[in-house]
Each structure stands twice: as structure tokens, then as C-alpha cells.
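Here is a short tour to follow with the model open beside you.

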Amino acid sequence: MCVTVLQKISTGCESIDNILGGGIQFGNVGLIYGEPETGKTTLAIQCAANCTRQNYKTLFIDCDGTFSARRMSQILSDDLGKAELVILMKPEDFHEQTVVVDQLPEYLTKSFGLVIVDTMTSLYRVKVAESPSRTFELNRELNRQMALSAQIARTQKIAVLVTSQVRSAFHDAQVSIEPVATRVLKFWADTIIALKPTGNSQVIKATVEKNPRKMHPQTCRLKITETGIHEYSVR
Ligand SMILES: Nc1ncnc2c1ncn2[C@@H]1O[C@H](COP(=O)(O)OP(=O)(O)OP(=O)(O)O)[C@@H](O)[C@H]1O
Ligand SMILES: [Mg+2]
């Protein structure tokens, strides 16, 4: 009997998979960040769908309350039966997110291939806005959650994928877009994918800024459609 061991989870976007050598690796932490509506959740759902297609479960931690079963079924299309392999958790505040992340080691059995935290920084941001004097402490807690996620990815040989919103950053009088809590998220991520809008609302510029194989950032264009987020080819 041929037993396949899952090594990578396809993102469902051929060019990103090519850059990553097949997809998000087991044992690694991936970060997808970008401006609103650039397809972060769609790309994460697509990874969840591709994980279930390989008969592994996905734990989807929906911190924004934006997980859409309809979107999941559009993306899974012919494999709708696999939807039951996606387990959804919805923390309501940053404290609940802390509890969920702390319980991951007990919760994740060998049948899991992927953990998604979408969006890792939204409840953190709300808490920082409520209690600005606790920013340092909250940032340290976010760092601890990322460290634990990275440890779980390595020890349990699963992939962890987190998404983040962006904030403007100023470097030498130039404005750039960076994930919230940049240092923390980028430090722990083995793979970083930045999504940026283009002039066409359905077309997204994706840059793989960091990946375990190649050092140089590489860019491709993706299109958001009914069936998810895929290659954009100009004819
Ligand atoms: N069925 C669909 N067909 C076409 N486009 C869709 C469909 N469902 C969602 N979209 C579009 O996909 C785009 C990306 O949505 P998505 O929620 O993935 O973005 P996001 O980056 O996670 O946004 P946010 O920053 O708000 O979390 C949105 O413009 C949305 O309107
Ligand atoms: Mg989203």
C-alpha cells in the first residue's frame, strides 16, 4: 500500500506554489498580510480546502467572524463532503484567543494538517485601542502566541497560517505598508506573502517576501473570482 505523507499544502495559486516549491510547508509558519479585501481570508480558506482534499483536518480560528461557509463551498466545489474536516473556532476577544492558542497542543491530533488564525492581530488591535497603556504587555502576549504556534508547527509537523491587517510605516520620508505588529509576525514567519490591490479591483499583486527556498522576493498577479483566488493571466 502506498502511504502519502503530506509535506506541503497548496495555496491553490500555481505561481505562489511554484515560488514556494509546492505550497506552505508542514512544520512552518506562514504569514499572509495585506490591505482590506485583498483576499487574505480567501487564500486562507483555499489552503484549508486543499488540506482537506488530502484528508487532513484544518482548525480555522476565525478572530474576525468573517469565515464564510458559502465561500468555503464555492472553493471546495466538487469536494463539498470534505467541508466537515474544517473545524471552526471563534474567539470573541484577545483573552479568548489566548486561551484557544494555549489549548492547541491538547486539541491537535495527528489528523490535523493546518491551523489558520484569521486575523491574528484583529482582537489584539481592539485590546490595544481599549488599553493603550498595556501595549507592551499585549505585544509580548502576541509574541508568545506566535512562538507557541511556531513550536506546535515544528513539533506536531503541521502548517500554521496567520493573516494580518496592515498599517502605514514611514521609512526615510517614504510610506510603506506593513503588517500590524510587524516585528513579531515577521520574526516567527518562515513564509511571508504580501497582497496588494491593483487598479483592477479583482486583480491582486502577491509578493512572496520570504520563503524557505529562495531569498529574493518574487511577485505574481492573482485574480479573485467566484471559485477563489487564482492565477491572473493577461491574454
Ligand atoms: N463569491 C465571490 N465571488 C467573487 N468575489 C468574492 C466572492 N466572495 C468574496 N469575494 C471578494 O473577494 C475579495 C477578498 O475578500 P477577502 O475576505 O478574502 O479579503 P480579506 O483580505 O480577507 O479582507 P479583510 O481585510 O476585510 O479581512 C473581496 O473583495 C470580496 O468582495
Ligand atoms: Mg479577511
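## Helices and strands in a predicted model

In this predicted model, helix 5 and helix 6 (residues 135-156) pack with their axes 9 Å apart, at an angle of about 165 degrees. Because angles over 145 degrees count as roughly antiparallel, helix 5 is roughly antiparallel to helix 6. Their crossing is right-handed.

Which residues meet where helix 5 and helix 6 touch? Helix 5 brings Tyr 124, Lys 127 and Val 128, while helix 6 brings Thr 135, Leu 138, Asn 139 and Leu 142. Sorted by class, this contact has four nonpolar, two polar and one charged residues.

Now for a residue within helix 5, which covers residues 122-130: Leu 123. Is Leu 123 buried or exposed? With a relative accessible area of 10%, Leu 123 is buried, because buried means under 20%. Leaving out residues up to four places away in sequence, Leu 123 touches Cys 63, Pro 91, Glu 92, Asp 93, Phe 94 and Gln 97. Ala 181 lies 58 residues from Leu 123 in sequence, and their C-alpha atoms are 12 Å apart in space.

How many residues does the hairpin from strand 12 to strand 13 run through? The hairpin joins these strands through two residues.

Key:
Residues are numbered from 1 along each chain as its sequence is written. Chains are lettered from A and ligands numbered from 1 in the order in which they are written. This is a predicted model: local features need pLDDT of at least 70, side-chain atom pairs count only at pLDDT 80 or more; totals for chains, interfaces and linings use all residues. Side-chain values use heavy atoms; hydrogens and water are left out. Helices (H or I, at least four residues) and strands (E, at least two) are DSSP runs, numbered from the N terminus. Buried means under 20% relative accessible area, exposed over 50%, partly exposed in between (1.4 Å probe, protein chains only). Contact means heavy atoms within 4.5 Å. Two strands pair if DSSP finds at least two bridges between them. Axes are lines fitted to C-alpha atoms, for helices over the stretch in contact, and angles run from 0 to 180 degrees between N-to-C directions. Angles under 35 degrees count as roughly parallel, over 145 as roughly antiparallel, 65 to 115 as roughly perpendicular and the rest as oblique. A crossing is left-handed if the near helix is turned anticlockwise from the far one by less than a right angle, and right-handed if clockwise. Ala, Val, Leu, Ile, Met, Phe, Trp, Tyr, Cys and Pro count as nonpolar, Asp, Glu, Lys and Arg as charged, and the others, Gly among them, as polar.
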